[in-house]
Every structure is written in C-alpha cells, then in structure tokens.
Amino acid sequence: MRKYWSVFKISFEQEFAYRLNFILWRVRNVFQILLTYFLWSTVFSNPQTQIFGYDRAKILTYVFGIMIVRALVLSARAMDVSSDVARGDLSNYLLKPMSYFKYWFTRDISSKALNLIFAAVEFIALFVILRPPFFFQGSVVTLFVFLASIILAVLIYFFLLFLISSIPFWAPEIGWGSHFLVTVVIIEALSGSLFPINILPVGLQSIVMATPFPYLIYFPVEVYLGNIGGNALIGGLMVAAAWTGVLWLSLNFIWQKGLKVYQAIGR
Amino acid sequence: MVIGQKLALSVFLIGKIIRFIFFFGFLYFLLLGNTTLAGYTGNQVIFFFLTFNLIDVITQFLFREVYNFRPMIINGDFDLVLVKPISALFRVLMGGADVIDLITIPPLIILTIYFGILLHPSVLSTLYYVLLLANGFLIATAFHIIILSFAIVTLEIDHMVMIYRDLTSLGRLPIEIYGQPLQAFLTYLVPVGIMISLPAKAMMGLVGPAGILTALLVGAIALFIAFRFWNYALTKYSSASS
C-alpha cells in the first residue's frame, strides 16, 4: 500500500511540474462549460419553461453538476498507457514489483483529486459570477446512491481507457486515433457532457442507455437531481455494475492476449 | 501510404464525421422541442453551426503545420526554415495541409449551400456572406500567426491552439446566447463573433453596410497586429538546441 501512496504523491507533484499546461487545461474546461451553460440558459430563459422534464433550476444544476462529475470521472492519466505500449516503455513497468493496473489507477486517483480541487474553485467562481438557480439535493439516501454511481463511473472509465490503450499491442499507429474516437468524440457526445440523454427520441435513448457511456456523466447527475428513482434507479445501477464487470473481464482477457504479442518495439 | 497510416487516417476521419453528426443531431433534436434559440429558427441555428464548421475545417486544412511548430522551436530546426529562400511565415503556417479535411470540405460546402438556400437570401446578402466569410478567414489567419509568434516567445503552443479552438467553438451557436460581458468579449476583444457569427447573420439580411465595413476594419487590424507581433517574435528567437 505504501508504494501506491508514494505513486499518488509523486503523480500529484508531477502535475505541478507543468503548471502552465495544467492551468490552460482547466481554462479549456471552463470554456466548454460556458458554451453548455449559456446554451441551456438561453433555451430556459423563460423561468416557466419546462422541456424534456427539466426546469431552469434543474438544467443549470445539471450543467454545474457536469463540472464536478467530469473532474471526478473523466480526469485520468491512464490514456498514457497507449504510448507505453506503442513505444515499448511498458517493459519498464512489467519488471517492477507492482501491479500495472493499480499503478495507473493510483495515478488516476491523484489526477482526479487535483482536478476536483480546481473544479471546486471554478464551480464557486462561476456560481458567484453567473448566480444560477441551483437545486440542492437534501436526501441522504440519494446522495449515497449518487456516490455509488460515481464509483461505478470511475471504474467504467478506467477500464474503457485501458481497453482502448490495448489497441497499440496490435496497431501501434492508431493509439492516439482510437483515444480521439472514443474519449474525445463518443464519450463527449454520449456521456451527457453536452446534453442530457433524455432530449433524444425514446428509441435512440434506449440504445444509448444500453451502452456504458451515459453511466459516466448523465446517470450520476440525474441521480443527484432525483430525476431517476424506484425501479429505474435500481435498473440503472445494475446496468452500470454489469458494464463494470463486463469491461473488467474483457480487459483481463484482451490485456493477457496483448502481452503475448507485445514485442517491446523501440526498446 | 502504409496500412497503419491509412488506418490512422480512417479513424480520425470517422471521428470527425461522427462528432459533426452528433452535434448536428443534438441541435436538430433540441430545436424540435424548442422552436427558436435566441430568436433564431432551427435552420438559422444550423446555418450558424455550418458556417463555424466551414471556417474551422478550412483553417485546419490550411494551417495544420502550426500544430507541428513547437518541436521546430524546441529543437532549433526553425533555423533551417529561416535560411531558406522562402517566407518563413508561409512555411510554418501553410507548410503542410491536412488531407482528412480535404475529404470533409466538399460535403460541408454542399450542406452550407443547401441550408443557405433555405434562408432565401437576396443576392446582396449572399455577397455580404462571401465577403465576411473571406474576412473570417483573414481573422483566423491572424489568430494562427499570433499563436506561432507566442510559440517563439514562450515555447508554448499546444494549449494556445486548443484555447483558440475552444474560443472559436463558442461561435458554433449565435453569439447572442452569451450574456454580457462575455458577448462583448467575443465580439470585440477576441473577434469570434465577427469571424463566425457575422457572416451567417449577413446571409440572413441582419447586417448593413456599416457592419460590413466595421468587420473588414477589424479583420485588417487583426492581420496588421499579427504581422507586427510575428516580426517582434522573430527578434526573440533564440535558436535553442541548434
């Protein structure tokens, strides 16, 4: 455990080695939130407006919720695994007396902790500047379920990142391309970062909800807002848990296959 | 081209197309339930989005080399560009086009023309649109020159480019959706509004001659500042590592 604590501390400090990069990355996050915030603020400019089951307070809470949930779920370092595999740097880690998965999971947690601190500051600053109506969740049970959905989301994202990063075992050239396709394009669109999934037609919604992506952002935020309850809540948690299991088993299978074809190219 | 490169290009091409379809679909479904956005109809909002894409994709196609500038500065390879009998700015700005965008540009132009026709513009409005679109490209060029100049002075470019892209992506939707002072910031200080929103508004007959002249003046000033900054940055080039 102590070695992972050391990895956590080193990884945390490493982020400060490139302070300008980190600050600019956070600035980019703020721009993305501004687009989403003002878009929905305009759509719900009339306080009486009710669309897709949201009122102004709930949709703007959804946008602010995205800031925190993104920092917790989508802040990760495990995308660098891809280049470790493609450039043969993976060999260095295979020789060390620690689990490669646990090493990257620890680094992810470190990144999430740092991003959460900054996201909280941005949250407060934007909240003071924009003064949106905000929905506070008072139910302790709902908050507990929200926390559980976040833990599942963190695991799903970690396994997804590792699965994508396994592609360079067979095709080193498309390491970054695969990440672009899945994390920049598909996850940005289908996780609920830009819009709640329930604005889509019912048929399309059902298809999207059967994938792991909405359980990263949309589902946790909806749980917080109290928009999901009863059977839908239990069903949603079960689907998220099932995806966590399926992705974990798939990762173990593919990673083992990948290690067998790994040639440490570049070493 | 080797199979790996073809595969990588295909993945990026698919990613870009999917991203476009997702946002387009999102706007479509959003405006199905809410017929106007900041007073603009569904077709008008889509036209704003298409105009943004047109400027974004064409500038990425032309100025892709900007993304490769940092290693040149870090390694000192920029020396080799400076000694050649060709404009160094032209070489680092337009030295390599992105072939993926060459595939996406024609269908994007067709879509823009299709949605433009749906707005029933007058001939004058169409002329204004083309003129302001050209002006938008000038402003985008100025932005890229400024980013290159920053790279020479600060050695930082990757995030600068991405921040430029994030700022311009705020122009995907009509600038009127943003509250003040963000709207003024995006119109005058970082002229995203003039670069992207104004051409689309001209097509809708919402811009008069005074607006056109102001936009052209902003474009000229932006380009002037960019060239001056580039000349200044060149005096700061340290030729590190060479």
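Across the interface of chain A and chain B, two residue pairs are found in polar contact, both at pLDDT 80 or more, in what is a predicted model. On the side of chain A that touches chain B, helices α2 (19–43) and α8 (175–190) of chain A each supply at least two residues, and α2(A) gives the most, with 15 residues. That side of chain A divides into 29 nonpolar, five polar and two charged residues.

The contact as a whole takes 36 residues from chain A and 33 residues from chain B. Between them the two chains bury about 3100 Å², 83% of it on carbon and sulfur atoms. Within chain A, the residues that lose the most area to chain B are A:Arg28, A:Phe31 and A:Leu35, which together account for 20% of what that side buries.

A:Arg28 also takes part in a salt bridge with B:Asp166, in which the closest N and O atoms are 2.5 Å apart; the count of salt bridges between chain A and chain B is one. Both residues of this pair belong to the contact between α2(A) and helix α8 of chain B, the latter spanning residues 158–169. The axes of these two helices come within 10 Å and cross at roughly 10°, which makes α2(A) roughly parallel to α8(B). From α2(A), the contact is made by A:Asn21, A:Leu24, A:Trp25, A:Val27, A:Arg28, A:Phe31, A:Gln32 and A:Leu35, and from α8(B) by B:His159, B:Met162, B:Ile163, B:Asp166, B:Leu167 and B:Ser169. By residue class, the contact of α2(A) with α8(B) comprises eight nonpolar, four polar and two charged residues.

Over all chains, the count comes to nine salt bridges. In one salt bridge, the side chains of A:Glu122 and A:Arg26 meet at 2.8 Å, N to O. Because A:Glu122 lies in helix α6 of chain A and A:Arg26 in helix α2 of chain A, this pair ties together parts that are 96 residues apart in sequence.

A:Glu122 is also among the residues through which α6(A) meets α3(A). Helix α3 (residues 56–73) of chain A and helix α6 (residues 100–130) of chain A pack at an angle of about 170°, with their axes 8 Å apart, and the two helices are therefore roughly antiparallel to each other. On the α3(A) side, the residues in contact are A:Phe64, A:Met67, A:Ile68, A:Ala71, A:Leu72 and A:Val73, and these meet A:Lys112, A:Asn115, A:Leu116, A:Ala119, A:Ala120, A:Glu122, A:Phe123, A:Leu126, A:Phe127 and A:Leu130 of α6(A). The residues of the contact between α3(A) and α6(A) divide into 13 nonpolar, one polar and two charged.

Note on methods: Residues are numbered from 1 along each chain as its sequence is written. Chains are lettered from A and ligands numbered from 1 in the order in which they are written. This is a predicted model: local features need pLDDT of at least 70, side-chain atom pairs count only at pLDDT 80 or more; totals for chains, interfaces and linings use all residues. Side-chain values use heavy atoms; hydrogens and water are left out. Axes are lines fitted to C-alpha atoms, for helices over the stretch in contact, and angles run from 0 to 180 degrees between N-to-C directions. Helices (H or I, at least four residues) and strands (E, at least two) are DSSP runs, numbered from the N terminus. Angles under 35 degrees count as roughly parallel, over 145 as roughly antiparallel, 65 to 115 as roughly perpendicular and the rest as oblique. Contact means heavy atoms within 4.5 Å. Ala, Val, Leu, Ile, Met, Phe, Trp, Tyr, Cys and Pro count as nonpolar, Asp, Glu, Lys and Arg as charged, and the others, Gly among them, as polar. Buried area is the accessible area (1.4 Å probe) that two parts lose on being put together, summed over both. A salt bridge is a side-chain nitrogen of Lys or Arg within 4 Å of a carboxyl oxygen of Asp or Glu. A polar contact is a pair of N or O atoms within 3.5 Å; within protein, one must be able to donate a hydrogen and the other to accept it, and residues adjacent in sequence count only if both atoms are side-chain atoms.
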